[in-house]
Amino acid sequence: MAVALVQSALPQLDRVSVPTYDRSALRTGVVHFGIGGFHRAHLAMYLDRLLEGGVPGAQEWAVTGVGLLDHDRRVVETLTAQDGLYTLVVKHPDGQLEGRVVGSIREALLAPDDPEAVLDRLTAPTTRVVSLTITEGGYLINQVTGRFDPAHPSLASDLAGDGPPRTAFGYLVEALRRRRDAGTAPFTVMSCDNLPGNGDVARHAVTTFAAQRDPELAGWIEEEVAFPDAMVDRITPVTTDEDRATVREQLGVDDGWPVVCEPFTQWVLEDHFVDGRPPVEEVGAQLVDDVEPYELMKLRLLNASHQALCYLGYLAGHRYAHEVCSDEDFVTFLRGYMRDEGRPTLPEVPGVDLQEYSDTLVERFANPQIRDTLARLCAESSDRIPKWLLPVVRHNLEHGGEISRSALVVAAWARYAEGVDEQGQPIEVIDHRRDRVLAAAQAQLGDDPLAFLRDDELFGDLAQEERFTSVYLEHLEVLHRDGAREAVRRVNTQQ
């Protein structure tokens, strides 16, 4: 019989490992915005390892998790009811489940319910790091200009000073103002989002926001606050009711919101903090002076490869990443993209064999236990394709490199955005720019086959690059006439 997950029940759990450290002695050292699955499979897991290993001072680095939006209410309520505990389930390819109850989250707060409680945690001298997983789009960066958009509607209230903060930027800047005025050392802002130069992006967004409110404060933040760069990696699918049932029946834990993930995990972190940091290098993180080579490797191989498989695989009838990576046509295409288009754009990555890394990626994607949905990988493409794949395209256009596979991926996104698959079934397109994306995809069916590429906020001047558009249009025609599999086979035989 399953045991309800709360602190007092930990001694009753015998099919998962549980915290043996004294959770009552934990202090918040990290406030984290965005307590979704990835944070709980990654940063919170590393901090739990520190605590379990008895690393000196680790008890100073527990987490207060913050949900910014009302749709975070359920996860906050679940974690609160479970004393901050949750089950992390590593799914191995052979079907083995490795369960661990993670105890590094002290508390979870819903910002709209109690903004001052969030600000209290942010301004406490014991809080020395504020970390973020607010998604790629959460930084409000224009895809073409690369600049923060202070006119974004979500910021209006915070910029006007109408009541308590509502956004991550509102909370960060208000907390830093209060710390400065109180003579408290600033915290480090540590982005854990999947963005190139995520530390610099976070710095630019925070300081630009602050400058709209108080230019002097913006200057102080620029001088005094650290924004380390980081590369984070662990495939973490959305938790399903089936996962909850599996944790209950096979691991004996009645957990309202377990997290499932793959065995692989990686964290490469710039060693740049203003007031100390958790010693995560003791538990597998890699501290470096320059994250960029690792970051580009991940974005252009792992993330762009996810885009290379998701639209084409979905159109062809697959629904999970492991299905695509068990299909020889698509695996050949994926390996070709990494070998001939992605890897040639990369600098040397210290300590990494890129061929071996690419092979490992295919193995990770093919893990049948993860059941990572193509729908998840296809979501929010407007934030993903411009950051992950288009830099590869532009590099190869500039240097005479190959672009055919990348052009097919973009064409497959355009075909996917038409909203109907090859079997005539509707596709639910999830994108914060959905209306514009769908309208452009419909327009390409008329007199302007390049309509999808003419969105300069996404593609810049790519529609004027004849070497790209000629290949793109060929692929789009094949996708419409013969389907995704034939388009993939055609590229595989041509290269």
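**Cavities, pockets and packing**

Author: In this predicted model, the largest cavity is lined by Ile-235, His-306, Ala-321, His-322, Arg-364, Phe-365, Asn-367, Ile-370, Arg-371 and Asp-372. The elements that supply two or more residues to this lining are helix H11 (321-324) and helix H13 (354-365).

Reader: How do the residues of the lining of the largest cavity divide into nonpolar, polar and charged?

Author: Ala, Ile and Phe count as nonpolar, whereas Asp and Arg count as charged. The lining of the largest cavity includes Ile-235, Ala-321, Arg-364 and Asp-372. Its residues divide into 4 nonpolar, 3 polar and 3 charged.

Reader: How much space lies in the largest cavity?

Author: Rolling a probe the size of a water molecule over the atoms shows where empty space is left. By the rule applied here, the count is 2 cavities of 30 Å³ or more. The space in the largest cavity is about 60 Å³.

Reader: Which elements give two or more residues to the lining of the second largest cavity?

Author: The second largest cavity has a volume of about 50 Å³. Its lining consists of Asp-193, Asn-194, Leu-195, Ala-230, Met-231, Val-232, Glu-295, Lys-298 and Leu-299. Two or more of these residues come from each of strand E9 (230-233) and helix H10 (292-315).

Reader: What is the bridge partner of Val-232 in E12?

Author: Val-232 is among the residues that line the second largest cavity. E9 pairs with E12 in the antiparallel sense over 4 bridges. In E12, the partner of Val-232 is Trp-267.

Reader: Why is strand E12 (residues 266-270) described as largely enclosed by the rest of the structure?

Author: A residue counts as buried when its relative accessible area is under 20%. E12 also pairs with strand E13 (residues 286-288), in the parallel sense over 3 bridges, and Val-268 has Gln-286 as its bridge partner in E13. E12 is largely enclosed because its buried residues number 4 of the 5.

Reader: Which residues are the closest to the centre of the second largest pocket?

Author: The second largest pocket holds about 370 Å³ of space. Of the 20 residues that line this pocket, the closest to its centre are Lys-91, Thr-240, Asp-243, Ile-370 and Arg-371.

Reader: Which helix gives the most to the lining of the second largest pocket?

Author: By class, the lining of the second largest pocket has 7 nonpolar, 7 polar and 6 charged residues. With 4 residues, the element that gives the most to this lining is helix H9 (residues 241-251).

Reader: How far apart are the end C-alpha atoms of helix H6 (residues 168-182)?

Author: The buried residues of H6 include Phe-169, Tyr-171, Leu-172 and Arg-179, and the helix is followed by Gly-183, whose phi is positive, near 75 degrees. At 1.5 Å a residue, the 15 residues of H6 should span 21 Å, which agrees with the separation of its end C-alpha atoms, 21 Å.

Reader: Against which helices do the buried residues of H12 pack?

Author: Helix H12 (residues 328-342) has 15 residues and reaches 20 Å from its first C-alpha to its last, close to the expected 21 Å. Among its buried residues are Phe-330, Phe-333, Tyr-337 and Met-338. The buried residues of H12 pack against H10, H11, H13, helix H16 (390-399), H17 and helix H21 (484-494).

Reader: Is Arg-415 buried or exposed?

Author: Arg-415 lies in helix H17 (residues 404-416). Beyond four places in sequence, Arg-415 touches Leu-315, Val-420, Asp-421, Glu-422, Gln-444, Leu-476, Leu-479 and His-480. Because its relative accessibility is 9%, Arg-415 counts as buried.

Reader: What is the relative accessible area of Glu-224?

Author: Glu-224 is found in helix H8 (residues 215-224). Leaving aside neighbours within four places in sequence, Glu-224 is in contact with Pro-186 and Val-274. Glu-224 is partly exposed, and its relative accessible area is 38%.

How values were computed: Residues numbered from 1 in each chain as written. Predicted model: local features only at pLDDT ≥ 70, side-chain atom pairs only at ≥ 80, totals over all residues. Heavy atoms only, no water. Expected span 1.5 Å × (residues − 1). Buried < 20%, exposed > 50% of the residue type's maximum accessible area, 1.4 Å probe, protein only. 1 Å grid on protein atoms, 1.4 Å probe; cavity = no way out; pocket = protein on both sides within 12 Å on 5 of 7 lines; lining within 4 Å. Points joined across faces, edges and corners; volume = space filled by probe spheres on them. Contact = heavy atoms within 4.5 Å. Pairing = 2+ DSSP bridges.
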